[in-house]
Amino acid sequence: MRAVLTLHHPRLAERYYDSGQWRDETFYTLLAKRAKEQPDAIALVSKSGKMTWTELLHKVDLAAGAFVQKGLQPGDRVSLWMSDRAEVVIAFLACSRAGLACNPSLHRTYTVAEVAELLSRIEASVLIAEDGWGADHDKVNLVDAVADRAGHAVVWTPEQLYANGVAAQTKAANDPDSLAYLAFTSGTTGAPKCVMHSANTLLSNACDLVSAWSLNADARLLCLSPLSHHIGWVAVGQWLVSGCRLILGTPPVGQTLVDWIVETEATYVMGVPTHAMDILAAQRSIGLPRLGSVQAFYMAGAPIPEVVAEAFIAQGIKPQNVYGMTENSSHQFTHPDDDPEIWTGTCGRGGPGYEVAIFNAEDADQPAAPGEVGQIAGRGANLMLGYFDNQTDTAKSFNRDGWFLSGDL
């Protein structure tokens, strides 16, 4: 399989390593580190149950063994099309162990034909797909569609991750700068672009968030956003960096989200403003004065209505107001020691992993004047490695001084 070209630049990398924004850690090495430090602590909670760090590491090694037996090589691509279940996290971490690039951004609303087309674009070697998942799963045969459009890819069920029953014996991949994550953008203005990230470009933002909000192993992080969305991987990064407990957002059958938040004793909840509004409405409808053990509520993807932020503040929950993109993660965010008006009216000041500037809306090479509406741009350790197999859009996304242009005013 041909090599993937990226924006990785040795001199910038040296600067990020020297500043501590990049580190010699992959997602898998962080998993192994947590399993050594707290082997019997609960690592992952999903609708099917709980898993300790030791149990999770074993499952990941089994899945990596299946990839190795299949003959996959570092740099090959694996796509995931599943509900929020433990196997999504396990497959992602197994890809990290084997040096594979994981593409988890296939949404439930996609059709089989759309998924087959996206697999073809990234030349995926394996698709792990849950039975009954997708917009038209009952009308189209997934295996046949993949064979027609992406004939080199094979389709596995989640259970086939463990079918071999033999853990990987090869040495774990240990390059945190190689391609580790592929995510398709929404494609609202055309064909979806495919964002490329390394472990370092994703984890640098996670380190900023963990440091600013003092997350540690005692935290219980519940992610309401599905793992097919980038917020889910911001959550995974913080989980691995802090060693906390990760709780997936789909509750067991018969439970509401409020039930799930209270039962799991979540202390840090991540989602979008509509999640927050729905939860606050449900909380009011059942007369629950406080949302369990929640201490902070992350909201990204759209501006937070002030009334929503104020409703959390009133019950002692700090709103984490966030701005970012798949290309640069949750780079702009409020801090726990901010004044309430900062929480409710802004998206904060972010962390050291990304700097922001505003450029003229008509000429992106010229800074915007004070008080002028301009385009948000940024650069730093959080930034993607470019768009997969798309030199044109990658080049067009930067101004002449190397600032990434968000397209947002």
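Strands here are DSSP runs of E with at least two residues, helices are runs of H or I with at least four, and both are numbered from the N terminus.

The order β15-β16-β17 makes an open sheet of 3 strands with antiparallel pairing. β15 (355-360) and β17 (404-405) each have a single partner strand and stand at the edges, so one side of each lacks a neighbour in the sheet.

## Nonpolar cores

A nonpolar core is a set of buried Ala, Val, Leu, Ile, Met, Phe, Trp, Tyr and Cys residues joined through side-chain atoms within 4.5 Å, where buried means under 20% relative accessible area (1.4 Å probe, protein chains only). The largest one has 73 residues, and L56, F67, L93, I128 and W239 touch the most other members. Helix α4 (residues 86-98) gives the largest share of this core, 10 residues. Another core, of 25 residues, lies apart from it and includes V146, A153, L182 and F388.

## Helix α4

From first C-alpha to last, α4 reaches 18 Å, close to the 18 Å expected at 1.5 Å a residue (1.5 Å times one less than its number of residues). G99 follows α4 and has a positive phi, near 75°.

## Notes on the model

Residues are numbered from 1 along each chain as its sequence is written, and side-chain values use heavy atoms, leaving out hydrogens and water. As this is a predicted model, local features need pLDDT of at least 70 and side-chain atom pairs count only at pLDDT 80 or more, while totals for chains, interfaces and linings use all residues.

Technical notes: Two strands pair if DSSP finds at least two bridges between them. Buried means under 20% relative accessible area, exposed over 50%, partly exposed in between (1.4 Å probe, protein chains only).
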